[in-house]
Amino acid sequence: MNRTVPFIWPLRVYWEDTDAGGVVYHAGYVRFFERARTEWLRAAGIGQQALREEHGVVFVVHGMDIRFNRPARLDDLLEASVVVTELRSASFKVEQALRRHAEEPVLVDARVRIACVEPQRWRPCAIPEFLLQEISKP
């Protein structure tokens with residue numbers, strides 16, 4: 001499965017995101033990607049609190065491969081993208097990228113495996129069917 005149109009979420013780099021040189025601290029990029037994935041789900045009508053309370057599942061990051069190509073800096077306006085590249089019964093993969101603008105080079109990119117778990121025992125479980133259908137939409 002491959003979504004051809006990425007979800008885009010705008011982000012601003014604030015002082016709290018940077019090191020003493022005004023460059024985004026490496027862990028900050030992970031937070032940017034997390035926010036974009038959360039907003040991607042929210043845009044599809046999927047609230048993470050409701051997933052836990054009403055459906056008894058949560059999504060967790062199982063693995064992440066991240067590349068730091070160029071730095072983002074204080075006050076940069078960034079675009080974080082989310083594209084689903086693989087969907088399984090209990091997990092899915094997304095590719096994410098941060099750019100200043102769509103036509104500019106990728107600053108940081110990541111491939112992320114998201115697992116569905118049952119929060120009481122913290123064990124993998126099947127993604128509910130309605131979520132599989134929503135995640136697989138182009």
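Guide: Start with how the chain makes contact with itself, where contact means heavy atoms within 4.5 Å. Among contacts between residues at least 6 apart in sequence, 68% join residues at least 24 apart. The model is predicted, so local features need pLDDT of at least 70 and side-chain atom pairs count only at pLDDT 80 or more, while totals for chains, interfaces and linings use all residues. Residues are numbered from 1 along each chain as its sequence is written, and side-chain values use heavy atoms, with hydrogens and water left out.

The chain contains three helices and six strands, which are DSSP runs numbered from the N terminus (helices H or I, at least four residues; strands E, at least two). Read from the N terminus, the order of elements is β-α-α-β-β-β-β-β-α. The C-alpha trace spans about 45 × 30 × 25 Å along its principal axes. Of the 138 residues in the chain, 41% are buried; buried is under 20% relative accessible area, exposed over 50%, and partly exposed in between (1.4 Å probe, protein chains only).

Now the core itself. The largest nonpolar core has 33 residues. Such a core is a set of buried Ala, Val, Leu, Ile, Met, Phe, Trp, Tyr and Cys residues joined through side-chain atoms within 4.5 Å. The residues with the most contacts inside this core are Phe-32, Trp-40, Phe-59, Leu-78, Phe-92 and Leu-98. At least two core residues come from each of β1 (7-12), α1 (26-43), β3 (77-87), β4 (91-99), β5 (108-118) and α3 (129-135). Helix α1 supplies the largest share of the core, six residues.

Phe-59 is worth a separate look. Leaving aside residues up to four places away in sequence, Phe-59 touches Leu-41, Leu-51, Phe-92, Ile-114, Ala-115, Cys-116, Ile-127, Leu-131 and Ile-135. One of these partners, Phe-92, is also listed among the core residues with the most contacts.

Next, a residue with a charged side chain in a strand that contributes to the core. Glu-79 is in strand β3 and counts as partly exposed because its relative accessibility is 26%. With residues up to four places away in sequence left out, Glu-79 touches Ile-8, Trp-9, Ala-97, Leu-98, Arg-99, Arg-100, His-101 and Ala-102. Glu-79 and Asn-69 are 10 residues apart along the chain, and their C-alpha atoms are separated by 15 Å.

Two loop residues complete the picture. Asp-75 lies in the loop between β2 (58-68) and β3. Asp-75 is not a glycine, yet has a positive phi of about 75°. With a relative accessible area of 51%, Asp-75 is exposed.

Trp-122 sits in the loop between β5 and β6 (123-124). Trp-122 also has a positive phi, about 60°, without being a glycine. What is the relative accessible area of Trp-122? The value is 52%, so Trp-122 is exposed. Not counting residues up to four places away in sequence, Trp-122 touches Val-58, Val-60 and Val-117. Trp-122 and Val-58 are 64 residues apart in sequence, and their C-alpha atoms are 9.1 Å apart in space.
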